[in-house]
Amino acid sequence: MSWAPALLVLLAYCTGCGPQPVLNQPPSISSFLGATIHLACTMSSNHDISIYSIYWYQQRPGHSPRFLLRYSSHSDKKHGPKVPPRFSGFKDVAKNTGYLSISELQPEDEAIYYCAVAGQEKEEMERERGEEKKSSASVSQAPQDTLTVN
């Protein structure tokens, strides 16, 4: 059985591999100009959202998705280029949910919003190596959440 050592190496390499988290977002939300909304991204109960970073993306009609922000904790967050501070993130660990808050809603906020997650341990390894986090490294993505501004 010459394949046995290769299998053991593969199993050792894949330690920590397991089922990916499943994310859920409500299908749509409507609000009014000037209002504040919170878009939810709920993680499956077999994962703990506190150890994940949540990434939020916006896609306006006819445009490519735009990175809005990454939220890990109050002290570990990052906005995308030219994203105004009226976009912010937070987590409710008890509900295993991450949120995107948009205050002072404007007509251009009408879009599709996506959330995705990546484990913080992967990000820490990338920071140690001096690598920039790329959206393609996200481990799970929720279905879209459409925002309509009235």
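## Overall architecture

In the protein, 62% of the contacts with a separation of 6 or more are accounted for by residues 24 or more positions apart, where contact means heavy atoms within 4.5 Å. This is a predicted model, in which local features need pLDDT of at least 70 and side-chain atom pairs count only at pLDDT 80 or more, while totals for chains, interfaces and linings use all residues. Residues are numbered from 1 along each chain as its sequence is written, and side-chain values use heavy atoms, with hydrogens and water left out.

The protein contains 2 helices and 11 strands, the helices being DSSP runs of H or I with at least four residues and the strands runs of E with at least two, numbered from the N terminus. Along the sequence these elements follow the pattern α-β-β-β-β-β-β-β-β-β-α-β-β. Of the 150 residues in the protein, 38% are buried; here buried means under 20% relative accessible area, exposed means over 50%, and partly exposed lies in between, with a 1.4 Å probe and protein chains only. The accessible surface comes to about 8900 Å², and carbon and sulfur atoms hold 59% of that area, as computed by the Shrake-Rupley method with a 1.4 Å probe, where for residues only the protein chains shown count as cover.

## The disulfide

The count of disulfides comes to 1, a disulfide being a pair of cysteine sulfur atoms within 2.5 Å. Cys41 and Cys115 form this disulfide, with their sulfur atoms 2.0 Å apart. The pair links distant parts of the chain, since Cys41 belongs to strand S3 (residues 37–43) and Cys115 to strand S9 (residues 111–119), 74 residues apart. The torsion about the S-S bond of Cys41 and Cys115 is about 70°, and the disulfide is therefore right-handed. Both Cys41 and Cys115 are buried.

## The four-stranded sheet

An open sheet of 4 strands runs in the order S1-S3-S8-S7 with antiparallel pairing, two strands being paired if DSSP finds at least two bridges between them. Strand S1 (23–24) and strand S7 (87–92) stand at the edges with a single partner strand each, so one side of each is left without a neighbour in the sheet. S3 and strand S8 (residues 97–102) are paired in the antiparallel sense over 6 bridges, and the bridge partner of Cys41 in S8 is Gly98. Ala40 also has its place in strand S3 and counts as buried, because its relative accessibility is 16%. The C-alpha atoms of Ala40 and Ser101 are separated by 9.0 Å, although these residues are 61 residues apart along the chain.

S7 and S8 likewise pair in the antiparallel sense over 6 bridges, with Thr97 in S8 as the bridge partner of Asp92. These two strands form a hairpin with 4 residues between them, and Asn96 in the turn has a positive phi of about 55°. Asn96 is also touched by Ser44, as are Pro21 and Val22, when residues up to four places away in sequence are not counted. Ser44 is found in the loop between S3 and S4, and is buried, with a relative accessible area of 16%. In a regular strand the side chains alternate between the two faces of the sheet. In S7 the covered face comprises Phe87, Gly89 and Lys91, whereas Ser88, Phe90 and Asp92 make up the uncovered one.

## Nonpolar cores

In soluble globular proteins, nonpolar side chains tend to be buried together. A nonpolar core is defined here as a set of buried Ala, Val, Leu, Ile, Met, Phe, Trp, Tyr and Cys residues joined through side-chain atoms within 4.5 Å. The largest such core has 21 residues, of which Trp56, Leu68, Phe87, Leu100, Ile102 and Tyr113 touch the most other members. The elements giving two or more residues to this core are S3, strand S4 (52–59), strand S5 (66–73), S8 and S9. A second, separate core of 5 residues includes Tyr55, Tyr57, Tyr114 and Ala116.

Leaving aside neighbours within four places in sequence, the contacts of Leu68 include Trp56, Phe87, Leu100 and Tyr113, and also Lys78, His79 and Gly80.

## Aromatic pairs

The count of aromatic pairs comes to 3, where rings of Phe, Tyr and Trp (its six-membered ring) pair if their centres lie within 6.5 Å, with planes under 30 degrees apart counted as stacked, over 60 as edge-to-face and the rest as tilted. The rings of Phe90 and Tyr99 have their centres 4.7 Å apart and their planes at 15°, so this pair is stacked. Phe90 counts as partly exposed at 30% relative accessibility, whereas Tyr99 is buried, with a relative accessible area of 15%. One aromatic cluster is formed by Tyr55, Tyr57 and Phe67.
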